[in-house]
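Dear colleague,

I am handing over the structure that we spoke about, with the sequence and the model placed just below. Please have them open while you read the notes that come after.

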Amino acid sequence: MDTAFTNRQRDTLAAVVDTFVPSVSRDDDPAGFFATRGSDVGAHLAVEDYLLTRLSPEQLAGLQELLDTAALIGMKNQPQSIREAIIGNLGRISPESHGAVAALKQLSVMFSYGLPDAAGRNPFWAGMEYPGPVQAPPSTPKTLTTVTPSDGQTMEADVVVVGSGCGGGLIAGKLAQAGKKVIVVELGSYLNESDFVQLELAAYKSLFLRGGFFNSADGMLAMASGSTVGGGSTVNWSNSLVTPRLVRESWAAAGLTDVAGQAFDDHLAAVMDRMGCNEEVSTQNEVHNRITEAASKLGYSYRVTPLNIDPDSYDPVIAGYSGMGDQTGAKKGTMLTYLQDACDAGATIMPNTRADRILTESGVAAGIEGTYTDPVSGQTARVV
């Protein structure tokens with residue numbers, strides 16, 4: 001099946017992008033922020049490339065049909081208000097069309113405001129007063145032990161941990177320290193401070209599942225998931241919340257027997273300690289100050305959230321880019337804590353490997369069958 005967009009579909013897609021990121025005439029627009037359209041920065045081309053490489057043939061065919069419908073009523077030649085009405089009507093055709101329109105909106109905005117030009121800048125950034133990247137990545141060595149399997153290879157271990165994020169990373173570290181031979185299977189690549197470039201779209205592509213945010217089936221919720229060594233802890237914003245008592249009580253009421261007592265408190269304290277969680281770097285901006293004032297006037301309590309950031313390495317300027325990977329090494333996610341503990345105790349990590357199937361023996365999990373994909377060549381290897 002020919003999956004390339006036709007010229008008519010491409011023109012209609014550009015009109016869709018420019019409906020979500022339109023040119024608006026304003027006198028007070030010195031940087032041209034409001035006057036710039038999404039297509040002016042090539043967002044429509046980036047959206048097309050994303051759709052062609054990320055959607056299944058069935059999804060792509062449905063989206064192209066939606067664009068053909070918009071083209072039939074001459075969407076690209078309509079004024080902004082009519083284009084908005086057309087898109088609204090298209091989104092009401094079916095649940096699938098609603099999801100497609102929601103995805104197009106998200107992609108249009110993301111690429112419009114994130115695409116850098118040849119000089120590494122974006123025309124929208126000046127109007128936002130956003131500086132863009134402020135420094136090049138440091139030369140930080142990689143200290144975790146990784147393995148690249150050969151095709152058909154079978155590897156032996158006491159424990160295979162699938163996923164290296166907040167759950168898997170901790171489990172791997174503790175089991176390896178307990179003397180178990182551990183292999184950690186991770187879908188994403190092993191990237192560290194030397195690979196983090198402070199560009200949002202580059203981070204989405206290399207560190208996030210499915211290249212960034214993706215919508216729930218009903219289009220009402222945008223989700224993001226880390227897909228790299230360290231998982232979500234490599235790309236999250238460091239908020240380290242102790243599980244609230246009310247939540248634990250609800251879990252206990254639902255039948256969990258080990259969440260309401262002191263032992264659970266001890267586990268939480270151990271994790272907070274290993275990650276170095278503290279309130280010293282919970283910097284408050286003017287928005288926080290207004291919230292504090294409002295809470296005080298209303299009689300509400302207010303407290304800052306601990307962060308798993310080392311105060312000695314904390315840089316308040318660089319910290320703003322930590323969702324794209326922290327160049328300073330101050331953020332103590334599993335990559336720098338439990339996974340390092342695991343590797344120091346003899347564990348190995350297998351990046352770029354999808355766990356396809358759990359192998360069982362007599363009804364008990366006995367292994368993992370997976371596929372390793374070389375991130376450069378795209379060549380694959382089967383591994384057990």
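The notes below take up the sheet, the aromatic rings, the helix packing and a few single residues in turn.

Please keep in mind that this is a predicted model, in which local features need pLDDT of at least 70 and side-chain atom pairs count only at pLDDT 80 or more, while totals for chains, interfaces and linings use all residues. Residues are numbered from 1 along each chain as its sequence is written, and side-chain values use heavy atoms, with hydrogens and water left out.

The sheet

Helices (H or I, at least four residues) and strands (E, at least two) are DSSP runs, numbered from the N terminus. An open sheet is formed by 3 strands in the order E1-E2-E5, with parallel pairing, where two strands pair if DSSP finds at least two bridges between them. Strand E1 (159-162) and strand E5 (348-350) are the edge strands, each of which pairs on one side only, and from one strand to the next the twist averages 25°. Strand E2 (residues 182-185) pairs with E5 in the parallel sense over 3 bridges, and Val-184 stands opposite Ile-349 in E5.

The aromatic rings

A pair of aromatic rings is described by the distance of the centres and the angle of the planes. Rings of Phe, Tyr and Trp (its six-membered ring) pair if their centres lie within 6.5 Å, and planes under 30 degrees apart count as stacked, over 60 as edge-to-face and the rest as tilted. The structure holds 9 aromatic pairs, and one of them is the stacked pair of Phe-33 and Tyr-113, with 6.1 Å from centre to centre and 15° between the planes. Because Phe-33 lies in the loop between helix H1 (7-20) and helix H2 (43-54), whereas Tyr-113 lies in helix H5 (residues 95-114), this pair ties together parts that are 80 residues apart in sequence.

How is Tyr-113 placed against Phe-124? The ring centres of Tyr-113 and Phe-124 are 4.8 Å apart and the planes stand at 85°, so the pair is edge-to-face. Since Tyr-113 is in helix H5 and Phe-124 in the loop between H5 and helix H6 (125-128), the pair ties together parts that are 11 residues apart in sequence.

For accessibility, buried means under 20% relative accessible area, exposed over 50%, and partly exposed in between (1.4 Å probe, protein chains only). Phe-33 counts as buried at 18% relative accessibility, Tyr-113 counts as partly exposed at 27%, and Phe-124 is buried with a relative accessible area of 1%. Ring pairs link Phe-33, Phe-34, Tyr-113 and Phe-124 into a cluster.

A charge sits over a ring if NZ of Lys or CZ of Arg is within 6 Å of the ring centre and within 35 degrees of the ring normal. Arg-26 lies over the face of Phe-34, at 4.1 Å from the ring centre, and Lys-142 lies over the face of Tyr-190, at 5.8 Å from the ring centre.

The helix packing

Axes are lines fitted to C-alpha atoms, for helices over the stretch in contact, and angles run from 0 to 180 degrees between N-to-C directions. H1 packs against helix H4 (residues 80-91) at an angle of about 105°, with the axes 10 Å apart. That makes H1 roughly perpendicular to H4, given that angles under 35 degrees count as roughly parallel, over 145 as roughly antiparallel, 65 to 115 as roughly perpendicular and the rest as oblique. Where contact means heavy atoms within 4.5 Å, the residues of H1 that meet H4 include Val-16 and Phe-20, and those they meet in H4 include Arg-83 and Ile-87.

The axes of H4 and H5 come within 7 Å and cross at roughly 135°, which makes H4 oblique to H5. Here Ile-87, Leu-90 and Gly-91 in H4 meet Ser-97, His-98 and Val-101 in H5.

Single residues

Gly-99 is placed in helix H5 and counts as buried at 18% relative accessibility. Gly-99 and Asp-218 are 119 residues apart in sequence, yet 6.2 Å apart in space, C-alpha to C-alpha.

Most residues other than glycine have a negative phi. Ser-238, in the loop between helix H9 (232-235) and helix H10 (245-253), has a positive phi near 75° and is buried, with a relative accessible area of 1%. Asn-352, in the loop between E5 and strand E6 (353-361), has a positive phi of about 55° and counts as buried at 13% relative accessibility.
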